[in-house]
Amino acid sequence: MLHLQNFINGTFVPMASGNYLPNLNPATAEVFSQLPDSDERDVQAAVEAAEAAFPAWSMLSAEKRGRYLIKLSELIDQNLERLAEAETTDNGKPLKLSRTVDIPRASSNLYFFGTGVQHFASESHFMEGVAVNYTVRRPLGVVACISPWNLPLYLFTWKIAPALAAGNTVVAKPSEITPYTAHLLAELCLEAGLPAGVLNIVHGTGPKVGAPLCEHPLVKAISFTGGTQTGKTIARTAAPLFKKLSLELGGKNATVIFADCDFEKTVATAVQAAFANQGQICLCGSRILVEGPLYEKFKEAFLAKVKTLTVGDPIQEGTNLGALVSEAHLQKVQQYISLAKEEGGTLLAGGERVHLEGRCSKGYFLQPTVFENLPHTCRTNTEEIFGPVVTLQPFETEEEALHSANFTPYGLAASVWTQDLTRAHRVAHALQAGIVWVNTWLLRDLRTPFGGMKQSGVGREGGWEALRFFTEAQNVCIKL
Ligand code: NAD
């Protein structure tokens, strides 16, 4: 049995408690590894290591720091297959998704910030004949990076890369549900020669590791991606301690389809947006709003495509939907399916757990599920389900579409499907979402700001936004 370990001060170390937690493969429901059940003592050791490593790391040139990250990115590329298999074993997602999306993106995150930081320049403001100001962006010190289970290595690296590039040292906590690839990344850090204490990884639960990490007085900033409720708890902790806070939280995203859309492309992408990663991407389009005249035609084509999706063993090439991440999460999603029925929804497809043959007979599989006839105000249409469950809703006017699309406490992402350029701009601007795609979905340029409005978060990641978050400005004014 594989035993994962904390990575503190450049070495793998046992946790203080001596206790392990089981880590399951959700496709087989079998325990395949054990992870440390760490606590505040391990957090303390990691923060101390990070604090000790900070002066030397922050004094390195941006180029030298960048080179470590680029090296790490290259090592991820060289270990693509091993990391992809580990991600799929841990998370249940189709192997082809791990291989083509998760792991390549983890590599890109490190490469992007490793190179980008070298272009992160100081600003200066000249006061004609009076003074010159220059503004340096200084690293903060020790920062905390806390990530969720849905895109494990992808989101873990999305945080640590800008934090390290900017000159901070990091204590990171991957999700206890999917800790495996973070552990493998620690091995690659050793191979890359990353100086001891620069990146520390503490495994364990939110209450026992995440909470003391957020409370620690030496931790200057918290970058968190996860659920909105957890975000609230962390915000409560951080506010009186004056820590910088970046929160990337839940979503309930609308796919807004007008009758003049490019039909084939729209149907294909709406299906992908609904069910990619079993609907467990914060950006998934789980409310599909379709203009009246197109509704029946769209419904028929959408359902026909959904029926072609294969729920299966994630390591099989033909699998479109793998396992949900855990039994508890499967039950949560099933409860939402029951709720949708109670709320009067008409089940158009799916709705049932899938029992596979062979090694996956105990896995947490669910059919792609589609409902209609639910008002935009109901819980099914306003709460985040985070599984393969979507609703179809017709609309008559643009105003009605916008009203429904914006009728949730969330504001993460949306996509708009139309050939009318003027309408595309108008609707995009009226949508309360931090990210709007027009005639596409999940197309990401790492330079662009990423984050949500309303209860989907506070702050933005990506590009300069991330480097600004992980630094603080100091202005020096010189009298001429
Ligand atoms: P979660 O909030 O349960 O856990 C996220 C992380 O926080 C885990 O590492 C967990 O151990 C830790 N944690 C839990 N309690 C904590 C506490 N009190 N203090 C500090 N850390 C704590 O979320 P999850 O179930 O792992 O992930 C799913 C959620 O993440 C969904 O709501 C999804 O929308 C959201 N998400 C958002 C984005 C985004 O970019 N906006 C991206 C991916 C996922």
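Domain bounds here come from an automatic or database domain assignment. This is a predicted model; local features need pLDDT of at least 70, side-chain atom pairs count only at pLDDT 80 or more, and totals for chains, interfaces and linings use all residues. Residues are numbered from 1 along each chain as its sequence is written.

The protein chain is assigned domain 1 (2-249 + 456-479) and domain 2 (253-445). Taken over C-alpha atoms, the centres of domain 1 and domain 2 are 30 Å apart. Their contact draws 18 residues from domain 1 and 23 residues from domain 2 (residues are in contact if their C-beta atoms, placed from the backbone, lie within 7 Å).

Look at the side of domain 1 that touches domain 2. Helix H3 (80-91) and helix H4 (95-116) are the elements giving two or more residues to it. Helices are DSSP runs (H or I, at least four residues), numbered from the N terminus. H4 provides the largest share, 3 residues. By type, this side of domain 1 has 10 nonpolar, 6 polar and 2 charged residues. Ala, Val, Leu, Ile, Met, Phe, Trp, Tyr, Cys and Pro count as nonpolar; Asp, Glu, Lys and Arg as charged; the others, Gly among them, as polar.

Now turn to a helix pair. Helix H9 (residues 263-275) packs on helix H10 (residues 295-307) at about 55°, with axes 10 Å apart. Axes are lines fitted to C-alpha atoms, for helices over the stretch in contact, and angles run from 0 to 180 degrees between N-to-C directions. H9 and H10 are therefore oblique (angles under 35 degrees count as roughly parallel, over 145 as roughly antiparallel, 65 to 115 as roughly perpendicular and the rest as oblique). H9 contributes Val 267, Ala 268, Ala 270 and Val 271 to the contact, and H10 contributes Phe 298, Ala 301, Phe 302, Lys 305 and Val 306. The residues of this H9–H10 contact are 8 nonpolar, no polar and 1 charged.

Note on methods:
Two residues are in contact if their C-beta atoms, placed from the backbone, lie within 7 Å.
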